Amino acid sequence: MNFVERVANASPEAGTLELFWLGQAGFLIKTSDAKTIVIDPYLSDCVERMFPENGLGFKRLSPAPMKPEDMAVDYLLISHEHGDHFDVDSMPGFMKNGKTRLYANRPVARAAREMGFDGVYALNKGEVVSLEGFSLLPVDCDHGELAPEAMGFILDFGFASIYYAGDTALTPERLRVPTELSPDVAILPINGAFGNLDGEQAAKYAGMLKSRIVIPCHFWTFPLHLGNPQQIIDAMPKFAPESKLELLCQGEGITIKGRQARRRP
């Protein structure tokens with residue numbers, strides 16, 4: 001069974017959802033009412049194409065688990081405009097169905113409209129958006145001058161909340177809202193390059209968040225992006241002993257239920 005079939009066959013019970021890692025910083029969520037939410041999918045080779053001067057530095061090291069046109073997703077969330085989050089080569093495949101609605105920061109929303117897409121909504125940090133079955137809270141992050149309008153997301157499904165940190169450094173004053181809300185699930189970058197958390201910093205942040213489940217991402221897609229998951233494995237017992245680390249492989253998913261998660265076979 002390939003990835004697309006596994007997602008199609010996933011049938012979360014009421015009060016649960018399925019969370020899949022697409023690789024890099026991309027995730028797919030399927031709810032009990034069969035809604036699909038995709039966050040920052042990187043499914044093409046556009047970064048290598050856009051930065052040929054880096055040679056093999058941005059060569060994709062693992063194949064994408066799906067093509068954008070394989071699913072007519074309900075919601076597409078894009079945190080910022082960098083190519084490994086805003087995959088311009090995959091956008092037509094996602095948006096051509098006329099169903100998918102795109103929610104993104106202002107630079108991405110502006111670029112998507114210029115590409116001719118409808119159903120595009122610009123988000124403002126701190127303003128809650130009520131969607132079908134969940135609320136979306138855009139929150140601040142610190143990606144420095146690389147993307148000053150970059151944001152993270154907190155998705156609240158009522159029975160569980162998922163925090164997608166986006167690309168960020170460990171800057172507590174910029175991360176106050178997620179820390180105060182203490183989401184059930186925290187998805188954190190661990191590559192330690194381009195201004196992002198490394199594995200130890202992600203573990204420290206997990207301890208601040210007090211999330212029950214921590215999922216690392218943003219590693220092993222490109223040689224230049226670095227990332228060592230062993231860092232967060234080693235650091236979690238010291239900095240976030242009450243949190244459970246879920247280290248997923250690309251295409252793998254877990255079931256989220258309240259304040260618990262069960263790994264899918």
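**Exercises on a pocket and a helix pair**

The largest pocket has a volume of about 260 Å³, a pocket being an open set of points on a 1 Å grid over the protein atoms alone, with protein on both sides within 12 Å along at least five of seven lines. This is a predicted model, in which local features need pLDDT of at least 70, side-chain atom pairs count only at pLDDT 80 or more, and totals for chains, interfaces and linings use all residues. Residues are numbered from 1 along each chain as its sequence is written, and side-chain values use heavy atoms, with hydrogens and water left out.

**Exercise 1.** Find which residues lie nearest the centre of the largest pocket.

*Solution.* The lining (residues with an atom within 4 Å of a point) holds 15 residues, and of these Phe58, His82, Asp84, Phe194 and His225 lie nearest the centre.

**Exercise 2.** Determine how the axes of H6 and H7 are arranged.

*Solution.* First, the axes of H6 (residues 199-209) and H7 (residues 229-239) come within 8 Å and cross at roughly 30 degrees. Next, angles under 35 degrees count as roughly parallel, and therefore H6 and H7 are roughly parallel to each other.

Terms used. Axes fitted to C-alpha atoms, helices over the stretch in contact; angles between N-to-C directions. Helix = DSSP H or I, 4+ residues; strand = E, 2+ residues; numbered from the N terminus. Parallel < 35°, antiparallel > 145°, perpendicular 65-115°, else oblique. 1 Å grid on protein atoms, 1.4 Å probe; cavity = no way out; pocket = protein on both sides within 12 Å on 5 of 7 lines; lining within 4 Å. Points joined across faces, edges and corners; volume = space filled by probe spheres on them.
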